[in-house]
Amino acid sequence: MNFIKKIGGKVLLWMLSHKVYAILIAAALIGTGYYFYHRTHATAKTTYQTATVQKGMIASYVSGSGNLKVSESATINAEVSGTVSRLSVGVGDKVNKGQFLFYIESDSADTDLAKAYSSYKQALQSVESARTKLLQDQQSLANLSGNSAVLEAASKVEQANQQVESAYSNLLQAESDSNDLYAKYQSDPTSVTQLQLSIAAQKIDAAEAAYDSAKQSLKTAQAAYNQAVNNINTNLEIAKQQVAASEASLEAAEASADSGLASYNQQKENSSKRYVTAPIAGTITEVNIKNGDEVSAGSSSQSSTSSSSTSSSTNSSTSTSSKSSGAILIENFDSLRAIIAINETDISKVAKDQKATLTLDAIPDLTLTGKVTEIAQKGTNTQNVITYDVTISIDSIDNRLRPEMTVFADITTEVKQDVLYIPSSAVKSDSSGGHYVQVMKNGIPETVSVTIGISNDTDTEITSGLSEGDTVVTQTISAKPTSQSTFRQGGAGVRIPGL
């Protein structure tokens with residue numbers, strides 16, 4: 001204590017003898033105290049980000065994501081058993097409808113076709129033999145009767161028979177021409193057009209029709225002849241019975257010929273299935289066979305890298321992508337559309353023909369447009385989230401698009417013109433379920449109740465409470481006060497001389 005008194009006495013004595021220094025030191029102490037007081041008690045300043053009430057167009061959207069799907073595809077499978085050869089396409093190739101894809105070599109098919117054609121020709125020869133026998137029996141009956149009516153009817157039968165023979169000759173010629181053309185096509189599919197094959201088939205159909213018509217005319221004449229014969233004397237009964245037997249033989253031979261023709265046509269159809277063509281135009285997306293693979297109709301390919309089943313077919317599908325079980329898969333990229341999953345809370349807002357904007361992560365610089373064409377009536381439950389598939393057609397297909405690409409869609413559900421709108425961040429909700437905004441007036445925000453209309457991710461329609469040009473607060477930024485109360489020890493300070 002004596003030490004403190006002693007020091008205090010020295011300070012006081014020094015201050016009395018050095019008044020100027022004392023005043024300066026006091027001023028320095030007061031200034032330093034004032035500086036640190038304001039440093040530790042600074043007032044925080046609040047700033048506001050604002051936006052102006054605009055008038056114009058606003059649209060509301062429903063958003064979702066999904067994948068691109070093709071609505072037209074074809075799975076090509078083996079329909080006859082044999083060995084794959086002349087495979088002419090690969091993944092990524094574009095094909096036209098009817099374009100040759102591959103051939104199935106089959107010795108059994110060649111044998112079955114030849115047997116069927118031989119049986120058909122034999123049946124036709126039997127028909128001609130039976131017809132000749134009938135004519136002979138009819139002439140014998142006419143000669144026995146000597147009846148003019150019978151002779152006249154027999155003459156008409158003869159004329160009708162000549163017409164049948166002529167039609168039969170034309171049919172054989174059409175069949176022969178068709179077989180020659182078909183053989184040429186089998187040797188080299190590119191040497192014969194589908195039009196030529198179609199015309200050849202049409203000629204056979206026409207010849208068959210003419211042959212059937214001639215046979216019908218012959219039957220009519222035959223019926224007239226039979227009626228004339230029935231009117232003659234019973235002494236000709238034996239001859240009539242012979243004629244009836246010959247007619248029955250002819251009918252049986254014709255039935256056998258019809259059966260042979262059906263069998264032959266079936267074998268031709270089976271043989272033609274060895275030439276596998278594209279049922280639709282599109283892009284080859286899978287090839288699961290190679291030359292030399294053994295395939296069986298309706299069963300899996302024996303190749304370790306492929307599988308094939310059932311017949312070729314065209315189908316529409318919206319299922320998730322998986323490897324096809326067919327020999328070749330063709331997909332029509334022009335039929336690509338977006339299948340978008342929309343949440344159950346938004347699906348009621350979606351309707352057919354609404355416009356949509358599509359984007360893809362895979363092609364960031366591409367924006368597509370389209371419209372809603374289909375809305376699923378049954379939802380999908382994924383981890384207790386219910387969504388409904390919405391199909392969106394694409395206005396213009398970009399050649400970079402591929403099936404199964406992830407796509408994002410904004411579906412325009414409502415559009416309003418000449419309405420007031422502000423950034424959605426400016427709209428606040430109160431405890432009663434109403435809405436309000438803060439309007440800047442003379443630099444001070446004032447709370448104003450508003451009524452809102454439609455909205456989207458960025459803007460909200462204001463139906464009452466604001467005017468065009470008003471300034472609203474979109475964000476309030478409050479500055480925090482700073483506190484620096486630590487003093488340095490050592491360093492520059494005030495030193496009392498002599499102490």
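Close-up 1. The model is predicted: local features need pLDDT of at least 70 and side-chain atom pairs count only at pLDDT 80 or more, whereas totals for chains, interfaces and linings use all residues. Residues are numbered from 1 along each chain as its sequence is written, and side-chain values use heavy atoms, with hydrogens and water left out.

**Close-up 2. The salt bridge between K371 and D353.** The N to O distance of this pair is 3.7 Å. K371 belongs to strand 14 (residues 367-375), while D353 sits in the loop between strand 12 (336-343) and strand 13 (355-359), so the contact ties together parts 18 residues apart in sequence. Strands (E, at least two residues) and helices (H or I, at least four) are DSSP runs numbered from the N terminus. K371 is partly exposed at 37% relative accessibility, whereas D353 is exposed at 53%.

**Close-up 3. The salt bridge between R131 and E254.** The closest N and O atoms of the two residues are 3.1 Å apart. The pair links distant parts of the chain, 123 residues apart: R131 in helix 3 (residues 107-145) and E254 in helix 6 (residues 237-272). R131 is buried, at 2% relative accessibility, and E254 is buried as well, at 11%.

Notes:
Salt bridge = Lys/Arg side-chain N within 4 Å of Asp/Glu carboxyl O. Buried < 20%, exposed > 50% of the residue type's maximum accessible area, 1.4 Å probe, protein only.
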